[in-house]
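Hi,

Here is the structure I promised to pass on. My notes on it follow below; have a look whenever you have a moment.

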Amino acid sequence: MGLERSREFRTDRDRVPLAAALVAVAFLAFLALPWVAHAHPMDGRNAGFVEAVSGAAPFPFLYLGAKHMVTGYDHLLFLVGVVFFLRRFRDVVLYVSLFTVGHSITLLAGVLGGLRANPYLIDAVIGFSVAYKGFENIGGFERVLGVRPDTRIAVLLFGLFHGFGLATKLQEFTVVKTGLVANILSFNAGVEVGQGIALTAVVLALRGWRSRTSFDRYAFATNTLLITAGFLLAGHQLFGYLVYP
Amino acid sequence: MSPAEAPQAGRTGRARILAATGLAILAAALALFGVVLPAEHRFDPLGTGKALGLLALSQERPIAAQEREYRTDTSELVLLPDEWVEYKYGLEQGASMLFSWQATATVSYDFHSQPEGAAGRFAESFEARDADHAYGSYTAPFLGIHGWYWQNKTADTVTLRLDTAGFYTSAVEFRDRVSGQHTLTDLRGEKIANP
């Protein structure tokens with residue numbers, strides 16, 4: 001297995017500080033807070049706004065989309081899993097584009113076509129997607145199951161699910177149809193902005209960490225934690241599905 | 001292997017991967033049933049939520065005790081063409097009321113609140129639209145006077161009937177250059193003078 005380091009990432013090897021490790025720890029600490037269990041906070045005031053809004057409100061929806069990504073730690077964990085071993089910048093771009101295409105399709109089609117799914121089930125799939133990526137990262141599919149699923153297809157598929165989740169969330173709160181298309185487009189653009197912000201943090205952190213020897217030592221453990229977090233999120237959502245139908 | 005395929009961590013044996021995955025599932029299950037579900041949903045199969053005091057986190061509190069006495073108020077307001085009226089209740093922070101009003105024609109209204117001691121005519125507006133009725137509940141976000149501004153924009157006289165019940169301490173009607181206190185009714189239906 002080639003562990004070649006590409007030139008793009010090599011130059012910064014010694015410059016990136018411990019902040020990398022701190023960000024990773026912060027993610028895990030965040031997960032450890034049991035009371036932060038609703039992965040997608042649309043808190044009272046924001047929800048009240050979305051319910052009351054009539055007509056196009058591009059910037060509020062842009063903000064809500066960005067906030068959704070930056071504070072949605074299931075999305076963030078999935079991103080960590082996806083870019084964990086991506087050393088080449090163009091791979092990062094490729095995977096993120098696939099994810100973006102996936103969730104844009106279902107977000108737009110979901111809201112415009114009025115398609116809904118049970119939000120707990122969607123969030124459970126998103127939790128499983130985190131576990132899936134962690135399992136793939138520790139070599140589970142290849143070495144244990146003897147299969148090699150195409151990561152690109154998996155990322156696209158999970159992108160579709162994530163978008164469907166966004167669509168379902170948004171529809172729960174949207175009552176007025178005036179300006180809906182403009183608002184959905186704004187929300188989707190906000191999701192990209194938020195993803196850009198989150199991804200920059202994640203890629204920089206991993207890049208800094210990858211240049212240290214501790215990366216090789218703890219990469220396996222970190223991905224095991226991703227699997228744990230993924231199953232925890234999925235389990236929590238499945239409970240919600242069973243108890244609050 | 002495509003160039004986009006991610007290299008895996010080291011050369012890990014099957015046994016270690018399986019052990020790690022099993023451990024991950026076990027840890028997730030322990031965290032879920034031991035901590036998250038008790039804290040979030042009061043589902044406590046292992047008894048850890050009770051032992052750690054986590055159940056209190058998700059205790060629903062649909063009942064809010066109120067400090068003030070219960071009052072009711074009914075008013076019939078007549079609005080000549082283009083005339084406006086304001087009708088406000090004195091509510092402390094957290095005090096709530098139920099309301100219902102109906103007008104004989106569509107009026108413009110604005111429900112807003114003025115914090116006590118706020119400078120000038122500062123008011124926070126919570127709802128502004130045109131309607132001929134509205135029913136709902138209101139919980140005051142701060143101490144002050146809270147209520148409606150109604151304006152008759154039609155060419156005819158409009159009559160508006162307002163019914164409320166709640167934990168307010170006063171009711172005041174404001175009109176152009178005139179204002180006056182209203183008498184509230186207590187639990188036994190007796191009239192109570194405003195303080």
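**What I found**

In chain A, G114(A) comes after helix 6 and has a positive phi, near 70°. Helices here are DSSP runs (H or I, at least four residues; strands are E, at least two), numbered from the N terminus.

Before going on, this is a predicted model: local features need pLDDT of at least 70, side-chain atom pairs count only at pLDDT 80 or more, and totals for chains, interfaces and linings use all residues. Residues are numbered from 1 along each chain as its sequence is written, while chains are lettered from A and ligands numbered from 1 in the order in which they are written.

Helix 6 of chain A has 24 residues and spans 34 Å from first to last C-alpha, close to the 34 Å expected at 1.5 Å a residue (1.5 Å times one less than the number of residues). Its buried residues include Y95(A), F99(A) and H103(A). Buried means 20 or more other C-beta atoms within 10 Å of the residue's own, exposed 12 or fewer, and partly exposed in between, with C-beta atoms placed from the backbone.

L86(A) sits in the loop between helix 5 (73-83) and helix 6 (89-112) of chain A. L86(A) is buried too, having 23 other C-beta atoms within 10 Å. Its C-alpha lies 9.4 Å from that of L206(A), 120 residues apart along the chain.

Finally, the axes of helix 5 and helix 11 (residues 213-243) of chain A come within 11 Å and cross at roughly 150°; axes are lines fitted to C-alpha atoms over the stretch in contact, with angles from 0 to 180 degrees between N-to-C directions.

Best wishes
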